[in-house]
Amino acid sequence: MIPLKKYDINPTKMIANTAIVEAIQRLLRPLVRLLLAKQITYTYLISLLKPLYVDVAMTDFQLEGKQQTDSRLSLLTGVHRKDIRRFLDEPQINLTPPANVSLGARLIGRWNSESDYLDEHALPIPLPRLSQADGSPSFERLFSEESKDIRSRVVLDEWLRLGIVNIDANDFIHLCTGAFVPQQGVEEKLYYLGRNVRDHLESAVHNVLDETPPFLERSVYSDGLSPQAIDELAQMAESMSMDVLRAINKRAQELKKTSSGDQKNRMTLGVYFYTDATLSPKKSS
């Protein structure tokens, strides 16, 4: 952590206290590592932050009964009024997920939750690639129930590229992961980085700001562990967390079928594991 005294900061004029600044530094460090790895410079990051500051101030810090003005937005954000006006006049960035992410999430959600596609242990079964004469479960059937606009082979080829599925010698498709977490595909990984970490931060910030009711936001911490202990805990965390995620996904799919009208509310449950130790490589199954 970089000491605050290295910066030209007058403590009597600081709006943020030391605890907030230290938390921000911790949060930003892995992000800065990603930015540098992807050749995104500090200057470019600032160009992204300016309109974001304006947008958050515009939507989340309104005064009841009063219209937001450029002057007040400038006071809140520190962004010059001429820049604020330019940002407000510019078209909004499209934040919709990549098309294959949206469709893929729906397909895998059903594959992980509907009884037709699960075995006796509630795990997703391998699916024959083509439709079956008796109408039994197949990848083609699963796909056709979700989309009529594109061919299933297009999505299958993309999933194979991303490492989401594999095909055995009998032309059965096996789901390689219990959720849509591609092993390849930078665009897809970055989308989930933005969505999942954003939602985690939203719940944590909600709680820090004492907004009610509080969100579930918990973790477990332990140190003094051997590499073997870390490996064991990592495997335990993956197994148990997948059980939880599958159960929540199954219930969510059931509730969606009983919802009335055009419901747009959403939820996210995240489970993560981190260690500063080097994990042993997973054995291929």
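Okay, housekeeping. Because the model is predicted, local features need pLDDT of at least 70 and side-chain atom pairs count only at pLDDT 80 or more, while totals for chains, interfaces and linings use all residues. Residues are numbered from 1 along each chain as its sequence is written, and side-chain values use heavy atoms, with hydrogens and water left out.

So, confidence. pLDDT is the predictor's confidence in each residue, from 0 to 100. The chain averages 82, and 86% of the residues score at least 70. Helices (H or I, at least four residues) and strands (E, at least two) are DSSP runs, numbered from the N terminus. Over residues 1–13 pLDDT stays under 50. Where pLDDT is low, the predicted coordinates should not be read in detail.

Now the sheet. What is the order of the strands in the open sheet? It goes 1-3-2, with antiparallel pairing; two strands pair if DSSP finds at least two bridges between them. Strand 1 and strand 2 (165–167) are at the edges with a single partner strand each, so one side of each has no neighbour in the sheet. Strand 2 and strand 3 (residues 172–175) are joined by 3 bridges, and Val 165 has Leu 175 in strand 3 as its bridge partner.

Next, some rings. Rings of Phe, Tyr and Trp (its six-membered ring) pair if their centres lie within 6.5 Å; planes under 30 degrees apart count as stacked, over 60 as edge-to-face and the rest as tilted. That gives 2 aromatic pairs. In one of them, Phe 139 and Trp 159 have ring centres 5.8 Å apart and planes at 70 degrees, so the pair is edge-to-face. Phe 139 sits in helix 6 (residues 139–144) and Trp 159 in helix 7, so the pair ties together parts 20 residues apart in sequence. Both Phe 139 and Trp 159 are buried, where buried means under 20% relative accessible area, exposed over 50%, and partly exposed in between (1.4 Å probe, protein chains only).

Last, the backbone. Most residues other than glycine have a negative phi, and most peptide bonds are trans. Asp 171 has a positive phi of about 65 degrees; this residue lies in the loop between strand 2 and strand 3. And a cis peptide bond joins Thr 212 and Pro 213, with omega about -5 degrees.

Conventions
Contact = heavy atoms within 4.5 Å.
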